[in-house]
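Q: Hi! Could you walk me through this one? I'm new to it.
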Amino acid sequence: HNHFAVQKMRFPSKDDKSTILFNQYITISNIPAEAYRYIVNGKSAIEWIMERYAITTNKDSGITNNPNDWQPENPRYIFNLLLSIIRVSVETVRIVEGLGSVGFGGRN
């Protein structure tokens, strides 16, 4: 049995994004709020991954899309991807905020 398989990742409540319920076996906690400031296509990178890596069924065709089947040789793939995205999000926000304003030489 794959303890790393996902159905649909979610937050414990809409007001608490410091924790992600990955599946019935795994909870990821202590996610810093600034991680959600790294935005991709209009939403945080973390929420984008949570949305895309869920089992879905197309209403018209009845075809089920299961991301757990995408890399069967690596059952931890989605889990490791989410952890990486959380880390990249935190580090990217830290770096970008550390840059301050960037000025360019020349005349206005």
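A: Happy to! One term before we start: helices (H or I, at least four residues) and strands (E, at least two) are DSSP runs, numbered from the N terminus. This is a predicted model, where local features need pLDDT of at least 70 and side-chain atom pairs count only at pLDDT 80 or more, while totals for chains, interfaces and linings use all residues. Residues are numbered from 1 along each chain as its sequence is written, and side-chain values use heavy atoms, with hydrogens and water left out.

Q: Thanks! How many helices and strands are in the protein?
A: The protein has 2 helices and 6 strands. Going from the N terminus, the order is β-β-β-β-α-β-β-α. The radius of gyration is 17 Å, well over the 13 Å that the globule rule gives for 108 residues, so the protein is more spread out than a compact globule. That radius is taken over C-alpha atoms, and the globule rule is 2.2 Å times the number of residues to the power 0.38.

Q: And what box do the C-alpha atoms fill?
A: Along the principal axes, the box is roughly 60 × 35 × 30 Å.

Q: What share of the residues is buried?
A: Of the 108 residues, 27% are buried. Buried means under 20% relative accessible area, exposed over 50%, and partly exposed in between (1.4 Å probe, protein chains only).

Q: Let's look at a helix. Which residues of α1 are buried?
A: In helix α1, residues 45–52, they are A45, I46, I49 and M50. Seen down the axis of α1, these buried residues fall within an arc of 140°, so they line one face of the helix. The arc is that of the directions from the helix axis to the C-beta atoms.

Q: What covers them?
A: The cover includes β1 (20–21), β3 (39–40), β4 (43–44) and α2 (77–99). This is judged by contact, which means heavy atoms within 4.5 Å.

Q: Changing topic: what is the phi of N30?
A: N30 has a positive phi of about 60°, although N30 is not a glycine. Most residues other than glycine have a negative phi. N30 lies in the loop between β2 (27–28) and β3, and N30 is exposed, with a relative accessible area of 72%.

Q: What about N41? Where is that one?
A: N41 is in the loop between β3 and β4. Phi of N41 is positive too, near 50°, and N41 is not a glycine either. N41 counts as exposed, at 68% relative accessibility.

Q: One more. Is R37 buried or partly exposed?
A: R37 counts as partly exposed, with 47% relative accessibility. The loop between β2 and β3 holds R37.

Q: What does R37 contact?
A: Leaving aside neighbours within four places in sequence, R37 is in contact with V93 and E97.

Q: And how far is R37 from L81 in space?
A: They are 18 Å apart, C-alpha to C-alpha, and 44 residues apart in sequence.
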